[in-house]
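Reader: Please take me closely through the aromatic ring pairs here, with the reasoning behind each label. After that, I would like the account to continue into the surrounding description of strands and helices.

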Amino acid sequence: MSNDVRHARLQIKVEGMTCASCAGRVEKALKALEGVQNAAVNLAMETASVDVSTSTITTADLIRVVEKAGYGASLASKEESSKDTDHYALSQRREARAVLIAAILSAPLLIPMLADLAGFHWMLSGWIQWALATPVQFWLGARFYVAGWSALKARAGNMDLLVALGTSAGYGLSVFEVLRSEGSGMGHYYFEASAVVITLVLMGKWLEGRAKRQTTTAIRALQSLRPKMALRRRNTGEELVAIASIRPGDVVVVKPGEQIPVDGRILEGASEVNEAMLTGESLPVMKQPGDKVTGGAINASGLLVIETLAVGSETTLSRIIRLVEEAQAGKAPIQHLVDKVSAIFVPVVLVIALATLAGWWAWNGDLEQAIINAVSVLVIACPCALGLATPTAIMAGTGVAARHGILIKDAEALELMHRASIVVFDKTGTLTVGKPSLAVSQPYGIEQAQLLSMAASMQRGSEHPLAQAILHAASHSALPIPLCSTLQAIPGRGLSASVNGRSMHLGTSRLMHELGVDISPLKDQADALEAQGKSISWLAQTQDSPALLGLFAFGDHVKPTAALAIAQLQRLGIKTIMITGDNQGSADHVARDTGIDKVYANVLPADKAAIVKSLKTPTDTIAMIGDGINDAPALAVADVGIAMATGTDVAMHTAGITLMRGDPLLVASAIGISRRTYRKIRQNLFWAFVYNLVGIPLAAAGMLNPVIAGAAMAFSSVSVVSNALLLKRWKPKSANEKID
């Protein structure tokens, strides 16, 4: 029997959630399913992301559990289609029509009340009021009864239950008064309260839906970059085919002004490519044969012939969309507090409403007044704003960050980044360009050509920047490159291999010391080169006895924005540290050029993580920035890992944030959007709590009528979403601007 255990994340669309209590109920139901490790329900996106640990659980099982909890569920689509857009437009038209009809029916009930405040006393008969209020209550307001009943069956509460109970109490009291006064108009009717409250709630949900739609504009903009067709070149000619037909290795032709359909490498042609939507870089980038291009970018001026490297879900664009979606669906740590409050919110409100009813009736014996005050409590108490406060801010924040080249993988990284007090940098490829050139090759006891030829043999096929520099130099000199065997990487030290039957070693001073190789003949020259900021590698053989064969010195350039980035972080009160496996001289040279606070040099990959771990304290939050495979352990250990997209996939998968341009200035920008988003989360939660902390006591004290309470409740949700949408205005600060 196969013991196939699967660890996967399934996502479903959840319909019918109206408040944080609903989201909590769905989440609880999913977590109760055996084999579910974790479930996160996003009220704003109306989705549930579920981590499962067994191959027996399917999406159908999750849908069944959600439906049993009283909500609609369906398979979440991977990308927004025109059908989804049409469905949204139809839903919005339906909502708008319901609001309009409710407003038309409620207006005749509300106008006499407003006229009475202006000194004009007239009133519709009770029968007419009853006729106008009934369709609002039971036709347009039917959704509240359906959802409220589902909540009751599940022994839970939600916003719909509060609205249904509150408006039913006002409506029922009015019907009693109509029957008692036989519709003479002499009774105290509250039809306008129940009808207007339903109208306001419907209007609030309609406005909220429109606002929530705007928080997903970044995702929809990225999805719109996905090309549908590609011009494929075959031996028989060129043919226009669907992108799904393209496979890795296929050759595609991209004309000027067209969208690049695949991730690939340029075979022929040169052109400026606009990658703004992917990297945030506003200026087009010149691309030539051998350069890689990304699907979704725009070819500006020249004809390009591209070899396909990745298509479909494996493209950079698809990975970006996937990561942004996961970040928006995730929960920030602060959301757990909201979940705890939401779990007990509705029961507490019901108790307060009953206490209000009993208290007022006992105090003045006026049952009508007691019911109306209790209705006000039920209506103003809306957990909807609480449920929207955090996810809408995260959706807007991660969306605008992605638009500017900052890809945030999860909500926790977004929340933690604002607290960063120490930022740790790798050197090569992070603070430096990462494309070193061979500055010096100094033989010792052998010919120059032999030194370079043997080193190139050991580096053949390697993608490491130093290896590429040696191979480029050997190729430029048209040197023969012999084959090597038994090639072995020595982590953090270098390489060993057999070249022409000789046991060869290429690597650091540490490696030479461990092998017992005497490097003193070239030590003074190496020290002088290190002082100039050069990186040193040694070549030695150990066939009979350890013997030095020569040294290589590599030069790299500090990125133009590195010093500005360090200065920007220091103005924020953040301590900057550099950890590198390179020599002390090269590290000190970069530190002087950038102004970095502290340097750790000659550090092995495993030790990088240990140093980062040692920096962590209860009061310090550590952000680590790197781009290589050797940085992955340190990125994982840090509170927030930040990877350069110009580096390796391993680093990007490990990190919580990826900088799509590889620009150090984006580190401060990531802190900036994190601070701004977290501020919005706190503002939203403050207002969501204040609405209830202030509104419920006022309603219980009889100082709010149900109409005002309904308006306040509707406004609370809309204001929270609107406040989150202000994040869409955020732009990265320039090097000299203050980050707030």
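Author: In this predicted model, counting ring pairs whose centres lie within 6.5 Å gives a total of six aromatic pairs. One of them joins Phe138 and Tyr145, with 5.7 Å from centre to centre and 25° between the planes. Because planes under 30 degrees apart count as stacked, the pair of Phe138 and Tyr145 takes that label. A pair of aromatic rings is described by the distance of the centres and the angle of the planes, and both values are given above for this pair.

Turning to the strands, an open sheet is built from four of them in the order β2-β3-β1-β4, with antiparallel pairing. The edge positions belong to β2 (36–42) and β4 (72–75), each of which has a single partner strand, so that one side of each is left without a neighbour in the sheet. From one strand to the next, the twist averages 30°. Within this sheet, β1 (residues 8–15) and β3 (residues 47–52) run antiparallel and are joined by six bridges, and Ile12 has Ala48 in β3 as its bridge partner.

Among the helices, α24 (residues 665–700) packs with α25 (residues 706–725) at an angle of about 175°, their axes being 9 Å apart. Since angles over 145 degrees count as roughly antiparallel, α24 is described as roughly antiparallel to α25. On the α24 side, the contact involves Lys680, Gln683, Asn684 and Tyr691, which meet a set of α25 residues including Ala712, Phe715, Ser716, Ser719 and Val720. The residues of this contact divide into five nonpolar, five polar and one charged.

Definitions and conventions:
Residues numbered from 1 in each chain as written. Predicted model: local features only at pLDDT ≥ 70, side-chain atom pairs only at ≥ 80, totals over all residues. Heavy atoms only, no water. Axes fitted to C-alpha atoms, helices over the stretch in contact; angles between N-to-C directions. Helix = DSSP H or I, 4+ residues; strand = E, 2+ residues; numbered from the N terminus. Parallel < 35°, antiparallel > 145°, perpendicular 65-115°, else oblique. Contact = heavy atoms within 4.5 Å. Nonpolar A, V, L, I, M, F, W, Y, C, P; charged D, E, K, R; others polar. Pairing = 2+ DSSP bridges. Phe/Tyr/Trp six-rings, centres within 6.5 Å; stacked < 30°, edge-to-face > 60°.
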